[in-house]
Amino acid sequence: MLTAEEKTIAKECLRMALDAGAQKARVTLSKSVMDLVSTLNGEVDKITGCYDRSITISIFADGRYGSFSTNKLSRTSLRDFIAGAVETVKMLAPDPCRVLPSPERKVKDALTGDELGLRDPAYDGMSAEKRRETALACALGSREGEGWKLISEEGEYSDSQYWAYLVDTEGLEALHNETSFEYWTEATIEDDKGDKYTGNWWEAAPLLKDFHPGECGANALRQAVAQIGPKPLESGKYNMVIDRDVASKVISPIIASLNANSIQQGNSFLGGSLGKQVFPQGMNLMDTPRIPGEAGSRCFDSEGVATSDRPIIENGVVKNYFVNSYMAAKTGLEPTLEDAIRPTLQPWHPWTGNPVGKEEIMRQCGSGILVTEFNGGNSNPATGDFSYGIQGFFFRDGKPVHPVSEVLVTGNFKSLWAGLLAAGDDARRCMVKLVPTLAFKDVDFSG
Amino acid sequence: MTMNDRQYYLDRFGVSEQQLRSLVAEGMKGGGDWCDLFFEDSTYTELLLRDGTVNAAVSNIDFGCGVRVLKGEKTGYAYAETTEYPALLKAAKAAATIGSCPGAAAHKAGAPTPLPPAGEYYRIDEDWRTAKAAAFVPMLELLESRIRKKDSRVFKVISMLNGNVSEVMMYNSLDELTFDTRPLWTLAVTVIFTKDGRTETQSVSRSFRSGAEAVTAEAMEGIADMAVKGVDLLFEASRPKGGQMPVVMAAGASGILLHEAMGHAFEADFNRKGQSIFSGRMGKRVAAKGINIIDDGTIPGNRGSCRYDDEGVPGQKTYMVEDGILRSYLHDRISAAYFGVAPTGNGRRESFRYNPIPRMRCTYMESGNDGSVEDLIAGVKKGIFVDQFSNGQVKIGEGDFTFYVKSGMLIENGRLTMPVKDINIIGNGPEALAGITAVAGDLKIDDSGWTCGKEQSVPVGCGIPSVLIKKLTVGGE
């Protein structure tokens, strides 16, 4: 646990900063413990023990600002470090927009760190032997199928506990505490032509009861086998269905472009979009940061500002930018949070009835490309243009016909989303960005 | 202090040689056949210019020691964020538990092998840790003013200067004690241009292993030139029609091709596990005669250079492909023992928090004899010329690699015609390597701040002469 002594040290750092000539300061003490067991081909391959503790101090001195961190936490080291930090800050240009958040915005209900139920007492019962057993139990061992054999299977089980303790010189005190259980695996197979294919799978949860890694190896292997025998794709426009595992790829650049940091610098294709209909009616993106027991939930951001549910995009209308205290002072925009905490894309589909997942969306689309993995690529934040490598399948009549390889998808985020056909209701709980299977029409693929 | 001062490093980390020996002995008590210690004291400082003033600073101190125990190819790893003996002993005991894991240990790491002596590839005249921020504020302001003077379309300039010094000391169960002080600085600039209601951005960076003395007015002038170069074309650029076509890759930053398409697949951990598309191809032809591809840790001042890697192996220049034949993977001590060869000095890590794994340093191709870049372009009827990139990726098993092109030109009938930007290019590593049909004589090492993200982040370099690749898939509309 986070000790009283560690809390005292964090508070003393505030005093050291004031003594060194700062007028205000904020300190974050971060601490984590993590144990990992990696396996290779059904045997333990690596055991790793991690223990990290550091202090980050934001210093506001003479209208100037800097952020400094260290893992040397003896009082002597900290005093010298903070004195040097204040001295450095005083060499910078003044910036009156650098401020602490106003008191009414700061979190007041994060006292124990466990307000959102993200710490599982079962973590305390984990032992080296249990970790090893879990890792080995998830491993596949040797496998062989018609026309292929498993040549390598890597897995990694880890569990961890994390604390963030935040204090500032204006009375803020907040604690976040969470546990996490994770398993990741990658299977590499070779077909009878000597070609290799890889598949991977990942499961994670803050609470052990929600952690189900048993099928990871089988899922990874299934992915790899499905890719055998890819065919080239003729360049052209196709419907695109993006699997829920990778669909956040077309949401993250939108969230980044709604950040006031980018907008203030003119480096966002969504500047000037607040309150405007930029996306289709069917697009609803919510920030849902306070769902108890769910990965990614947080009571406060790194400034100590309280989180709350809020719409980001509602019926295609941009409802909120991400505006921290600095950007609010700089731009005159209403401050919100510094970033999306746990963005959730709501389901939308023109069909009623049963829950809609990948299979139903593919059936409704008829034919197109199912994207199961992105391979590199990037986007231009100023224009929204993007180009990504993809891996996946050509499908017809709602069924995969053959895998495709060496294929690129290219476009612009505004026009891509204008062609939204459906958003499923199958987002994975273990992800911090909850984005379901998505479908878009008339997307440019190059093969 | 000199970089060869053994006692300096022992004092820096507060340990004695006797304690080092005791820690290694503790690590091997559980049945391990190798143990090493990696001590690190890193100081990072950063200044940020935004909206015309240098108004933010960041710094970070990272201090600690990692203990690694090997049993064959199996690894036990633990670290402490202090170098007090009891904490190190605890880490050694934790790492030692790998010794009790069942499984064969056929290849014992670290058998003594003749290695080249360590060279000196960087020096520090002005230490980043004692240099005052006030000295660099005018430099960043000068850089901004020079950029604005060169182009009236500049809307915003964001620049970041960081300097880092890492002192490291390594000790292992062969009783080898090695140490190094590694400087590294990066200047990165993003310029946002506006014209007739349109916005374009250009990002450039330069990064070297040297002290703060390298940050001069002349250096700012050079980076200002780079930051505005080619902006006219950016405003004119559009997406090409996508599909497969010949690609001429300009000298310098196109070295990302070697990093993604070949370098990762040559890293020996992937080959030891049979995962790489190049597994089992040692000694075979993978490229045309005359092509030499190198991974080099000995280029003076280069971002990827290292006097010793992070396992205490001297930095080296490694020919991966010689005259078109695959000659060497990139090894750490584990894979070197597995393949029965000497380690190549590629065992690198992000910090003491990580165990070392095979990583590239500066990867490049030697110049060829096929004339100039103009000659290569002249030989293409319909294709694309690319010269600026932002990032890349590869799938090791399939060999499919991609890289993102920030700027280039269409080639039509041997001439550059329409500018293009923001397209991804995809290909297959072995096919692309075999498909290099011409290599110009203009090798250029690119000094941008490249960082490789394979499990851990490490600084790398890349370079290449202009090359013609017969066929890659280009993204487009």
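Q: What stands opposite Asp296(B) in E9(B)?
A: Lys317(B) stands opposite Asp296(B) in E9(B). Helices (H or I, at least four residues) and strands (E, at least two) are DSSP runs, numbered from the N terminus.

Q: Which strands does that belong to, and how many bridges join them?
A: Strand E8 (residues 293-296) of chain B and strand E9 (residues 317-322) of chain B are joined by four bridges and run antiparallel. Two strands pair if DSSP finds at least two bridges between them.

Q: What is the strand order in the sheet of six strands?
A: The order is E10-E9-E8-E13-E22-E19 (chain B), an open sheet with mixed pairing. Strand E10 (325-326) and strand E19 (444-446) of chain B stand at the edges with a single partner strand each, so one side of each is left without a neighbour in the sheet.

Q: Before going on, is this predicted or experimental, and how are things numbered?
A: This is a predicted model, in which local features need pLDDT of at least 70, side-chain atom pairs count only at pLDDT 80 or more, and totals for chains, interfaces and linings use all residues. Residues are numbered from 1 along each chain as its sequence is written, while chains are lettered from A and ligands numbered from 1 in the order in which they are written.

Q: What confidence values come with it?
A: Chain B has a mean pLDDT (the predictor's confidence in each residue, from 0 to 100) of 94, and 97% of its residues reach 70 or more. For the complex, the predictor gives an ipTM of 0.93 and a pTM of 0.95.

Q: How many residues does each chain put into the contact?
A: Chain A puts in 55 residues and chain B 65, with contact meaning that C-beta atoms, placed from the backbone, lie within 7 Å. On the side of chain A that touches chain B, strand E2 (residues 43-61) of chain A gives the most, with 10 residues. That side of chain A has 18 nonpolar, 26 polar and 11 charged residues. Ala, Val, Leu, Ile, Met, Phe, Trp, Tyr, Cys and Pro count as nonpolar, Asp, Glu, Lys and Arg as charged, and the others, Gly among them, as polar.

Q: Which strands pair across the two chains, parallel or antiparallel?
A: Strand E3 (residues 64-70) of chain A and strand E2 (residues 53-71) of chain B run parallel, joined by five bridges. Thr70(A) has Ile61(B) as its bridge partner in E2(B).

Q: Now helices. How do H1(A) and H2(A) cross?
A: The axes of helix H1 (residues 4-19) of chain A and helix H2 (residues 75-89) of chain A come within 9 Å and cross at roughly 45°. That makes H1(A) oblique to H2(A). Axes are lines fitted to C-alpha atoms, for helices over the stretch in contact, and angles run from 0 to 180 degrees between N-to-C directions. Angles under 35 degrees count as roughly parallel, over 145 as roughly antiparallel, 65 to 115 as roughly perpendicular and the rest as oblique.

Q: Which residues meet there?
A: From H1(A), Glu12(A), Cys13(A), Met16(A) and Ala17(A) meet Arg75(A), Leu78(A), Arg79(A), Ile82(A) and Val86(A) of H2(A). The residues of this contact of H1(A) with H2(A) are six nonpolar, no polar and three charged.

Q: And in chain B, at what angle do H2(B) and H3(B) pack?
A: Helix H2 (residues 17-28) of chain B and helix H3 (residues 85-96) of chain B pack at about 25°, their axes 8 Å apart. That makes H2(B) roughly parallel to H3(B).

Technical notes: Two residues are in contact if their C-beta atoms, placed from the backbone, lie within 7 Å.
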